[in-house]
Amino acid sequence: MALLEVNNLDVRFAVRGGDLKALRKISFSLDKGERLGLVGESGAGKSVAAFSILNLIARPGYIAGGEILFEGKNLAAMSDRELRRIRGNRIAMIFQDPMMTLNPVLTIGTQMIEALKAHRRIGTRAARQIALDRLKQVQIPSPDKRLDQYPHELSGGMRQRVIIAIALLLDPEIIIADEPTTALDVTIQAEIMALLLELCEQHNVALMLITHDLGVVSQVTQNMLVMYAGRIIEQGPTKEIINDAQHPYTQGLINALPQMGEPGRRLYQIPGAMPSLNRIPTGCPFHPRCQFATDLCKQEMPEYVTSGNVDVACHEVRKLIEEEQQQREMTS
Amino acid sequence: MNAPAQPLVKIRDLEKRFDLSGNFLEQLRFRNGRFTRQQEFVHAINGVNLEVRKGEALCVVGESGCGKSTVARTVMGLLSPSGGEIHYDGQRIDDLDGKTVLPYRRKMQMIFQNPYASLNPRMTIQQTLEEPIRFHHPDWNRQTVRDKVHEVMHSVGIDPDWGKRFGHEFSGGQRQRIAIARALAVDPEFIVADEPISALDVSIQAQVLNLMMDAQEDRGLTYLFITHDLAVVEHFGTRVAVMYLGTVCELADTRTLFDSPRHPYTQALLSAIPRLEDDRPNHIRLHGEVSTPVNLPSGCVFHGRCPYANERCRTEVPQLIATDGGAQVACHAVEEGRL
């Protein structure tokens, strides 16, 4: 059994004039110690997916269907009280902006000790010792001093290290990291990513990494999901998808990267932009931007087909696979 | 290839300091029974020399706080330099008064990072695009102005019929196209682009970058392109200047820089780009924090994080020196042949 299993998750936002479908029938699973990348552009629903796992969707958003199984128990149906035992304790989160997650009027130490005491019966002195150990693990210089400092006294990279230390505080099984390095500079970003990776391996923690950066995903994760307009359109082993993407959108995303083009030449570009949630086209949500779109794509939402180890939601890919199969049958 | 090209813009010994200490009374400190006056500065740029050649795209890269945006703004005259000179086509422009600088303002245009903030929310697109044309060509009649707006909108791929709409009705990518159209409307020769694609999504970045390359080809533009994204630089730039804490540490042709980076900071920066091809990043890990531009370190600004730093690096400021590879590098270790 997978550690986390999400089945047909539907998340909606109730607004005037009807519901906006932010996530439509999302399914994926995460094993112990696995590193999973969640890729998409802004508005694809990747952060909503991350937040809904811990039921952190605020009104007017709500989970309209599907289940989120963590060790077999459905998080979507749990009471707040039961959930509180899991949030931060068994499943931890890391957000993009460390200044938004740390309380500016409490010292680093107070915040770490508070988290420990909320989940465990532990004395202040013992909690402080654990906090100190974690700060050492994330390689913060003079951790003793840092415990008594306020967040504004630390640099951006240091703050994100503190956040990682807090996420690891209670030995969680899963860390969900929502664009953990986007707000940081390139050299600092590389350091923090390497650190996060190292610690996850050391503690055998599963990592769900949400990012728009395909380079980071290809370096860090074993499996990945590509999202578009609230749907997962492609999922499978990261290497297979990066080397041989099936869905036209994934192909476009990879080919549009400047490092894929020849210097000085025009880059490959996907025409148009991601639709907003109140104007999602019928059929395949990508069809208005897709060069292969047919009438079928305009009318019918594609189901998943499997190609190699990769699941793809695309009518054209299905056609190609079926044609290949027929040819194979003919020859044999 | 690079010898005959004329420098269009010359930046000479540019310095920019920002005063942090406020007015005279706020500067007074009472210490040991005496009043003293204390001033604190942010040293954003410390002696930068750059030449932008006609027809090229000179990219300035660096991490936040290195002074790259300040260079862009000072060149455009949005900030006045604390020291040094800026020349455009042989003429010094940083000391000109409001009226004499006007023709240069038309020739030099700027594109900003955030297209949500750089378009006036209370003006229609038509008004936004007409304003600079009317200002710089007061003698043009209505129809000529309208035709010009029509032409630039068409050239950036925005339907001219959308002129009556407001900025908020467009997506981020479309807004950046409009911002580019506004810069192109007065037929500039030189465009300063300050992180023009950083706020955009991946698939939209490619669209805007293509548009900027097309415009360069069609109109013979010269770019000063400010960015932190090295993958974009590799694709777009003719030459690259790498900045760290207000100084240029390496200046080279794009190919040369990416094939054989010389400065230890450039090497670390290049190795930190997450790439699709390799599995495990083989990057050089820098230790330590970026120093603040308020208390600049003595000697080489990079010595605190540099694995090759020695006593000379801690005391003496390195100058940009040409190397055999064609690059200019400001590093004692490279100069001494230690690296």
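Contact, in these legends, means heavy atoms within 4.5 Å. The structure is a predicted model, in which local features need pLDDT of at least 70 and side-chain atom pairs count only at pLDDT 80 or more, while totals for chains, interfaces and linings use all residues. Residues are numbered from 1 along each chain as its sequence is written, chains are lettered from A in the order in which they are written, and side-chain values use heavy atoms, with hydrogens and water left out.

View 1. Setting aside residues up to four places away in sequence, B:V192 touches B:A72, B:M76, B:Q109, B:M110, B:I111 and B:L224. B:C249 is 57 residues from B:V192 in sequence, and their C-alpha atoms are 21 Å apart.

**View 2. Helix 2 of chain B, residues 68-76.** Seven of the nine residues of this helix are buried, so it is largely enclosed by the rest of the structure. The buried residues are B:K68, B:T70, B:V71, B:A72, B:T74, B:V75 and B:M76. Among them, B:A72 and B:M76 are also touched by B:V192. Just after the helix, B:G77 has a positive phi of about 85°.

**View 3. Packing of helix 4 against helix 6 in chain B.** Helix 4 (residues 125-136) and helix 6 (residues 172-184) of chain B meet at an angle of about 25°, their axes 8 Å apart. Axes are lines fitted to C-alpha atoms, for helices over the stretch in contact, and angles run from 0 to 180 degrees between N-to-C directions. The two helices are therefore roughly parallel to each other; angles under 35 degrees count as roughly parallel, over 145 as roughly antiparallel, 65 to 115 as roughly perpendicular and the rest as oblique. B:I125, B:T128, B:L129 and B:P132 of helix 4 make the contact with B:I178, B:A181 and B:R182 of helix 6.

**View 4. Packing of helix 4 against helix 5 in chain A.** Helix 4 (residues 108-119) and helix 5 (residues 124-137) of chain A pack at an angle of about 120°, and their axes are 9 Å apart. On the helix 4 side, A:M112, A:I113, A:L116 and A:K117 take part, and they meet A:T124, A:A127, A:R128, A:I130, A:A131, A:R134 and A:L135 of helix 5.

**View 5. Helix 1 of chain A, residues 46-53.** This helix is mostly covered, with six of its eight residues buried. These are A:K46, A:V48, A:A49, A:A50, A:S52 and A:I53. A:N55, just after the helix, takes a positive phi of about 55°.

**View 6. B:N210 and residues of chain A.** B:N210 lies in helix 7 (residues 202-219) of chain B. At 0% relative accessibility, B:N210 counts as buried. Apart from neighbours within four places in sequence, B:N210 is in contact with A:R266, A:L267 and A:Q269.

How values were computed:
Helices (H or I, at least four residues) and strands (E, at least two) are DSSP runs, numbered from the N terminus. Buried means under 20% relative accessible area, exposed over 50%, partly exposed in between (1.4 Å probe, protein chains only).
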